[in-house]
Amino acid sequence: MAFTLRTEVLHLPFRDPFKIARNEDSEASQTVLVQLEQDGLSGLGECFPVPYYGETVATTEAVLPLLVGALEELGPLPSEQAEVLVWLERSASLMTDVLGNHGGAKLGVDAALHDLAGKALGLPVWQLIGTSDRLPPTDYSLGIDDPATVAERAKRVAHFPALKIKVGGPSDIETLEAVRAVFGGPLRVDANTGWQPEQAAALIPELERLGVELVEQPFKARMLPELRWLKERSSLPIMADESAIFEDDLPMLEGVVDGVVVKLAKCGGIGPALRMIRRARAMGMKLMLGCMVESSVGVASAAMVASEVDWLDLDGNLLLADDPFGGLELGDDCRWQLTTEAGLGVHRKRPA
């Protein structure tokens with residue numbers, strides 16, 4: 001049975017400018033909301049086009065009909081949970097068979113299918129897929145800016161148990177020093193491919209002194225020999241983000257990094273992320289679950305697999321000036337409170 005596809009482009013301004021080491025928009029995100037309908041049921045998902053991989057809103061809108069068309073082979077949604085899980089896994093395979101890459105577009109479709117399936121069975125998605133609602137707390141991310149500005153923002157969010165600081169700019173150590181003056185918890189640094197090997201090696205002792213607990217993607221994605229070189233010299237865990245897109249990337253990263261950052265917008269959705277996480281765990285890798293700057297639809301989708309990782313960086317909706325969706329609540333302990341509603345449990349906010 002064919003699906004009906006509806007899409008909507010969301011313009012999501014940031015609360016504060018959010019600059020990273022690469023030249024990407026620091027003022028707002030644009031995402032694509034996906035609604036899939038089949039046999040009277042409707043599922044919701046959010047696509048995040050990742051510029052680093054050549055994705056845009058236009059390419060996402062162009063490929064979505066192709067991806068949804070490939071799902072016609074699925075047939076109607078089964079009525080038994082075990083069969084539904086097979087149905088969902090096959091949906092991911094069908095999308096990959098018809099189109100490689102485009103993880104951002106696949107994410108929206110995959111999340112909408114999980115939302116629809118959960119509603120059909122009367123189960124929240126985390127129960128449907130067999131994960132837990134006991135999650136690690138999320139950190140809060142701060143973009144590159146002058147050290148005083150970053151420190152002021154750090155002071156505002158000092159109730160979070162850890163802060164992730166974007167680095168790769170001209171004042172990395174000065175920024176971390178300024179943050180450390182106002183925040184006593186662990187720091188995580190993310191260079192977003194912005195460092196060079198000798199520079200990174202020289203920074204590691206300073207990062208350790210400042211209470212940094214991990215280093216995320218210091219070099220460009222395919223600089224694997226350089227990543228291995230740094231790992232051998234680093235007292236801190238080296239995590240791959242831009243180098244770790246799909247589950248099939250894991251073998252080439254074994255022994256090269258200490259762990260990987262899984263993001264649904266890279267690997268293509270809830271199902272692919274859970275399989276990637278479990279394979280990486282079996283390989284002995286450390287795991288962080290990240291997100292993009294997206295609404296609660298995208299963050300809730302990631303939260304469904306968040307119980308499976310060591311570190312959580314699920315704050316994208318918190319970075320927005322106005323999240324258009326509700327239903328995903330952050331507890332006082334900075335842990336996401338997963339829904340007991342069927343599906344993803346998110347809904348559009350009513351206009352004020």
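**Aromatic pairs and their surroundings**

Tryptophan 87 has a relative accessible area of 5%, so this residue is buried (buried means under 20% relative accessible area, exposed over 50% and partly exposed in between, with a 1.4 Å probe and protein chains only). Before going on, please note that this is a predicted model, where local features need pLDDT of at least 70, side-chain atom pairs count only at pLDDT 80 or more, and totals for chains, interfaces and linings use all residues. Residues are numbered from 1 along each chain as its sequence is written, and side-chain values use heavy atoms, leaving out hydrogens and water.

Now to the rings. Rings of Phe, Tyr and Trp (its six-membered ring) pair if their centres lie within 6.5 Å; planes under 30 degrees apart count as stacked, over 60 as edge-to-face and the rest as tilted. There are four aromatic pairs by this rule. In one of them, phenylalanine 3 and tryptophan 87 have ring centres 6.3 Å apart and planes at 50°, so the pair is tilted. These partners sit 84 residues apart and link distant parts of the chain: phenylalanine 3 belongs to the segment before strand E1 (4-13), and tryptophan 87 to helix H2 (residues 81-98). Helices (H or I, at least four residues) and strands (E, at least two) are DSSP runs, numbered from the N terminus. Phenylalanine 3 is buried too, at 10% relative accessibility.

Another pair joins tyrosine 140 and phenylalanine 160, with centres 5.1 Å apart and planes at 50°, so this pair is tilted. Tyrosine 140 is in strand E4 (residues 140-142), while phenylalanine 160, 20 residues apart from it, is in the loop between helix H5 (147-156) and strand E5 (163-166). Tyrosine 140 counts as buried at 6% relative accessibility, and phenylalanine 160 is buried at 5%.

Helix H5 also holds arginine 153, which is buried with a relative accessible area of 11%. Leaving aside neighbours within four places in sequence, arginine 153 is in contact (heavy atoms within 4.5 Å) with Asp16, Pro17, Leu142 and Asp145.

What about the wider packing? A nonpolar core is a set of buried Ala, Val, Leu, Ile, Met, Phe, Trp, Tyr and Cys residues joined through side-chain atoms within 4.5 Å. The largest one has 116 residues, and those touching the most other members are Leu163, Trp195, Leu207, Val260, Leu289 and Leu314. Helix H3 gives this core its largest share, eight residues. H3 is mostly covered, with 16 of its 19 residues buried.
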